4 protein chains.
Amino acid sequence: VEKSNIGEIDPAIKIKEMKTELPDADFLVCFGGDGTILHAAKDASSFGVPIVGVNMGSVGFMAELEQGELLQLTRLISGEYSLENRMLLDVRVIREGRVIFRSTALNDAVITKGAVARVIDLQVYGDKILISNVFGDGVILATPTGSTAYSLSAGGPIVEPTAENIIMTPISAHTLQAKAMVLDKNRLIDIVVPKQSRKTAYLSVDGGKAFKLFSGDTVEVSRSRRCLCLVKLSDKSFYEMINHKLERRSRA
Amino acid sequence: VEKSNIGEIDPAIKIKEMKTELPDADFLVCFGGDGTILHAAKDASSFGVPIVGVNMGSVGFMAELEQGELLQLTRLISGEYSLENRMLLDVRVIREGRVIFRSTALNDAVITKGAVARVIDLQVYGDKILISNVFGDGVILATPTGSTAYSLSAGGPIVEPTAENIIMTPISAHTLQAKAMVLDKNRLIDIVVPKQSRKTAYLSVDGGKAFKLFSGDTVEVSRSRRCLCLVKLSDKSFYEMINHKLERRSRA
Amino acid sequence: VEKSNIGEIDPAIKIKEMKTELPDADFLVCFGGDGTILHAAKDASSFGVPIVGVNMGSVGFMAELEQGELLQLTRLISGEYSLENRMLLDVRVIREGRVIFRSTALNDAVITKGAVARVIDLQVYGDKILISNVFGDGVILATPTGSTAYSLSAGGPIVEPTAENIIMTPISAHTLQAKAMVLDKNRLIDIVVPKQSRKTAYLSVDGGKAFKLFSGDTVEVSRSRRCLCLVKLSDKSFYEMINHKLERRSRA
Amino acid sequence: VEKSNIGEIDPAIKIKEMKTELPDADFLVCFGGDGTILHAAKDASSFGVPIVGVNMGSVGFMAELEQGELLQLTRLISGEYSLENRMLLDVRVIREGRVIFRSTALNDAVITKGAVARVIDLQVYGDKILISNVFGDGVILATPTGSTAYSLSAGGPIVEPTAENIIMTPISAHTLQAKAMVLDKNRLIDIVVPKQSRKTAYLSVDGGKAFKLFSGDTVEVSRSRRCLCLVKLSDKSFYEMINHKLERRSRA
């Protein structure tokens with residue numbers, strides 16, 4: 001069990017490294033905003049440990065429980081819960097034939113222009129066939145989980161988690177027909193920064209630290225064999241949750 | 001082989017009823033616009049006969065060949081083709097517990113308000129759980145094939161055919177968060193015209209004749225066990241075709 | 001002063017016809033939803049009488065006060081109010097050279113296909129120059145006041161009331177570049193139902209009774225010389241009001 | 001007369017500094033893409049010299065003529081042209097009470113997050129009243145001329161040049177109701193980088209070099225007293241041009 005923002009701790013409680021505890025854990029209960037839960041979720045997925053998120057942030061698409069609902073954690077013991085698998089994306093950067101960066105996305109892999117550049121030109125391929133030339137601010141490759149995050153802000157559709165798709169959403173594209181596209185889960189996506197491009201691009205996985213891309217680089221995105229296991233405690237449906245969160249989001 | 005718009009016909013050619021011919025046919029070659037191909041496609045799907053569409057209309061999302069490409073039909077004989085399955089939707093109207101209308105959609109089932117009404121209120125359920133209250137002009141339930149038809153005009157996303165999703169797209173919804181939603185292919189969708197509604201609604205399957213709905217009626221939409229088998233002759237990818245068609249559509 | 005939904009009335013109060021009272025009235029206080037206020041507003045505008053709307057409905061873009069804020073009406077006597085002019089649109093239908101229908105719009109004039117038709121083709125002209133061929137469900141011509149009503153649902157922008165523009169918003173247009181267009185307030189708009197069209201279209205002004213249009217008919221829309229005078233009692237800005245209402249609208 | 005990309009020049013032609021020539025010029029004929037024409041246009045506007053743009057780029061919203069239409073320049077001599085004024089925006093950055101940056105926008109002033117940041121929080125005021133909290137990638141303040149540039153890519157509406165509005169378009173906003181807003185031309189817009197923000201933001205005027213903003217900075221945007229004078233040679237309407245350009249843009 002991980003805790004954050006702890007004021008004072010009973011010395012009887014021994015705090016151990018999460019990586020030491022995880023292999024034998026039944027569940028990981030994570031208190032935090034979407035970022036914290038996202039981060040912990042990936043660690044948990046390495047060990048196949050189901051995770052329960054408790055929302056301490058403002059929106060909390062990732063969280064199963066709100067702060068006032070902690071009593072529901074007793075359901076973990078009584079067995080009144082179900083498990084839900086969420087798709088993950090493997091993200092790799094290939095430069096001159098070698099993999100130079102590797103990460104896993106629960107929400108999205110975002111490739112954007114730098115703050116100073118006016119526009120970037122990216123080629124997006126599906127199984128080596130050209131899907132689209134994206135000429136604009138960039139492109140988002142999202143999981144269904146990530147479809148309600150940045151992809152939604154950029155105009156992408158909501159995709160329910162069990163649907164298992166890869167969502168390709170252009171960001172402020174110049175061509176009006178460059179619309180969001182919902183792809184087959186088995187597609188291998190390549191995003192290529194064109195060779196003749198003088199511009200640098202940036203890759204960010206799940207909103208993390210930006211990785212600098214150069215012309216000629218390829219970002220490979222495909223469904224991961226691993227997936228994230230979420231504990232469902234409440235009877236709230238995905239739709240109920242999404243409508244509730246969107247409502248809160250519209251007030252934010 | 002079906003033909004439409006025939007000027008003059010060699011009397012040696014015997015024209016038979018399509019239903020007589022279809023059971024023993026290897027392929028159905030259909031000349032026409034999207035509407036004609038759509039119609040023939042459903043007949044073909046009853047007998048599991050693959051169909052080749054030749055575009056005689058202006059846009060032609062359904063067609064494999066353009067008028068100038070008829071020579072490619074010889075590939076049917078040489079075996080240089082592949083087959084692609086397209087998902088179909090079963091559509092049923094239930095009134096007072098009885099099925100009173102039944103149809104199959106290749107593109108979409110559209111439920112709208114009448115021309116005179118200002119707005120309609122519809123409840124959309126997935127596996128009996130409320131997805132959304134659509135308060136607006138109506139709602140579209142589309143297959144991936146239909147995602148590039150009316151659903152796209154109403155703001156829905158493009159979904160590639162092999163992705164196998166059901167797409168729910170509200171039409172001019174009053175609530176800003178009523179966005180297009182991409183659903184699991186196994187979802188059973190119910191669209192309910194509320195009991196207290198004094199308004200009539202209309203159901204149209206694949207743009208066909210409108211069926212009048214009354215308050216209390218439920219439209220059930222689910223993936224059909226049958227699917228449509230399209231012949232792929234060219235090496236054009238779905239993306240290439242979609243980009244080309246959207247370009248033509250933006251000029252229309 | 002007009003009242004609606006009155007339970008029981010003191011016989012000492014004499015209720016007169018609104019048209020008898022209006023010429024000598026200082027203000028018209030109207031209790032109701034957007035529809036009621038809209039209707040009364042047009043009567044008031046004929047006599048140049050400023051109107052105060054009290055919202056009895058669910059959303060209430062037209063209302064200045066909510067039900068719980070009636071005490072603020074005393075400001076009418078103390079003079080603590082300002083007046084705000086809202087643009088109106090003159091709407092005329094021309095058939096074979098003759099004006100056969102005439103109305104005034106505070107929100108919008110909407111031209112749509114019938115419930116049964118699949119699509120309609122309309123030509124929109126500005127000062128006799130073609131603006132756009134709208135191929136879809138129809139087109140909305142809105143005032144800034146109406147920009148937050150149906151036009152917003154169909155994807156149009158929010159235009160602040162003092163901006164004085166005519167907004168042209170296509171409804172579910174097939175061509176992706178058929179976007180909402182914000183026009184000069186002095187533009188004379190003609191919407192033409194093409195001569196060769198076999199379809200009927202419908203005109204509805206401010207959501208009122210549909211007027212049937214035939215092929216060859218022209219709907220003329222231009223800024224009215226009259227305008228509607230709204231009483232502003234609160235210090236709420238347009239932006240504050242719009243954000244608040246949109247928030248409620250997203251919860252509706 | 002300015003030329004760019006000149007291969008070889010007759011030595012008899014004396015090339016002078018544009019600033020020397022402009023005060024006495026009748027017209028400025030500018031060959032180039034949108035960027036070049038934009039740049040020259042601002043120089044011309046300082047001296048009230050009308051400008052004719054000849055498109056050498058791929059899209060060319062700013063250009064009056066295409067490369068093949070140079071003969072139409074003779075109309076400048078025969079007087080067969082009209083003049084069209086385009087609104088400009090004054091852009092100022094205020095830090096600790098002092099103006100530290102000043103520029104003029106023909107298209108837009110864009111305030112965005114850095115490439116590395118995930119999101120930025122900006123407050124947008126109109127005449128010192130809060131219009132909107134934009135929580136997302138940034139915000140665009142555009143003229144009608146700029147409404148068909150970046151603002152359109154970010155989802156903003158097309159505003160015709162004579163309409164004279166200021167358009168506020170959020171970029172990938174998290175709140176779904178943060179929609180594009182068309183404002184009165186006389187509005188004074190303030191965009192504030194919140195004091196408590198640890199993030200830097202960037203201002204770019206007409207796609208030019210990014211100016212770094214710190215927390216507490218205010219970007220002031222208002223209608224310029226100057227305007228840009230464009231020469232209209234052809235009878236092409238704005239609508240015709242916009243539809244043609246959008247079509248090309250959809251193919252780009």
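**Figure 1. A:R95 is partly exposed, with a relative accessible area of 22%.** Here, buried means under 20% relative accessible area, exposed over 50%, and partly exposed in between, computed with a 1.4 Å probe on protein chains only. The model is predicted: local features need pLDDT of at least 70 and side-chain atom pairs count only at pLDDT 80 or more, while totals for chains, interfaces and linings use all residues. Residues are numbered from 1 along each chain as its sequence is written, chains are lettered from A and ligands numbered from 1 in the order in which they are written, and side-chain values use heavy atoms, with hydrogens and water left out. The partner of A:R95 in this view is A:D217, and the two form a salt bridge whose closest N and O atoms are 2.7 Å apart. A salt bridge is a side-chain nitrogen of Lys or Arg within 4 Å of a carboxyl oxygen of Asp or Glu. The pair links distant parts of the chain, 122 residues apart: A:R95 is in strand 4 (residues 82–95) of chain A, and A:D217 is in the loop between strand 15 (211–213) and strand 16 (218–232) of chain A. Helices (H or I, at least four residues) and strands (E, at least two) are DSSP runs, numbered from the N terminus. With a relative accessibility of 2%, A:D217 counts as buried. Over all chains, a search of the whole structure finds 36 salt bridges.

**Figure 2. C:K128 and C:D190 form a salt bridge in chain C.** Their closest N and O atoms are 2.7 Å apart. C:K128 lies in the loop between strand 7 (120–126) and strand 8 of chain C, and C:D190 lies in strand 13 (residues 189–192) of chain C, so the pair ties together parts that are 62 residues apart in sequence. C:K128 is exposed, at a relative accessible area of 56%, whereas C:D190 is buried, at 4%.

**Figure 3. D:E64 and D:K232 meet through their side chains in a salt bridge.** The N to O distance is 3.4 Å. This pair links distant parts of the chain, 168 residues apart, with D:E64 in the loop between strand 2 (51–55) and strand 3 (65–66) of chain D and D:K232 in strand 16 (residues 218–232) of chain D. Both D:E64 and D:K232 are buried.

**Figure 4. Chain C can be laid on chain D by a turn of 180° and a shift of 0.0 Å along the axis, with an RMSD of 0.1 Å.** The two copies are thus related as by a two-fold rotation axis. In chain C, C:P157 has the C-alpha nearest the axis, 3.1 Å from it. The same surface serves both copies, as 100% of the contact residues of chain C recur in chain D. Copies are superposed by least squares on the C-alpha atoms of residues with pLDDT of at least 70 in both.

**Figure 5. At the interface, 29 residues of chain C are in contact with 29 residues of chain D.** Contact means heavy atoms within 4.5 Å. About 2,300 Å² is buried between the two chains, and carbon and sulfur atoms give 54% of this area. Buried area is the accessible area (1.4 Å probe) that two parts lose on being put together, summed over both. Two salt bridges are counted between chain C and chain D. D:E160 forms a salt bridge with C:R187, with the closest N and O atoms 2.9 Å apart. Strand 8 (129–136), strand 10 (158–159), strand 12 (181–184) and helix 5 (238–251) of chain C each give two or more residues to the side of chain C that touches chain D. The largest share of that side, five residues, comes from helix 5 of chain C.

**Figure 6. C:S215 is in the loop between strand 15 (211–213) and strand 16 (218–232) of chain C.** At 30% relative accessibility, C:S215 counts as partly exposed. Leaving aside neighbours within four places in sequence, C:S215 is in contact with C:V193, C:P194, C:K195, C:S197 and C:K199. A polar atom of the side chain of C:S215 lies 3.2 Å from the backbone oxygen of C:K195.

How values were computed:
A polar contact is a pair of N or O atoms within 3.5 Å; within protein, one must be able to donate a hydrogen and the other to accept it, and residues adjacent in sequence count only if both atoms are side-chain atoms.
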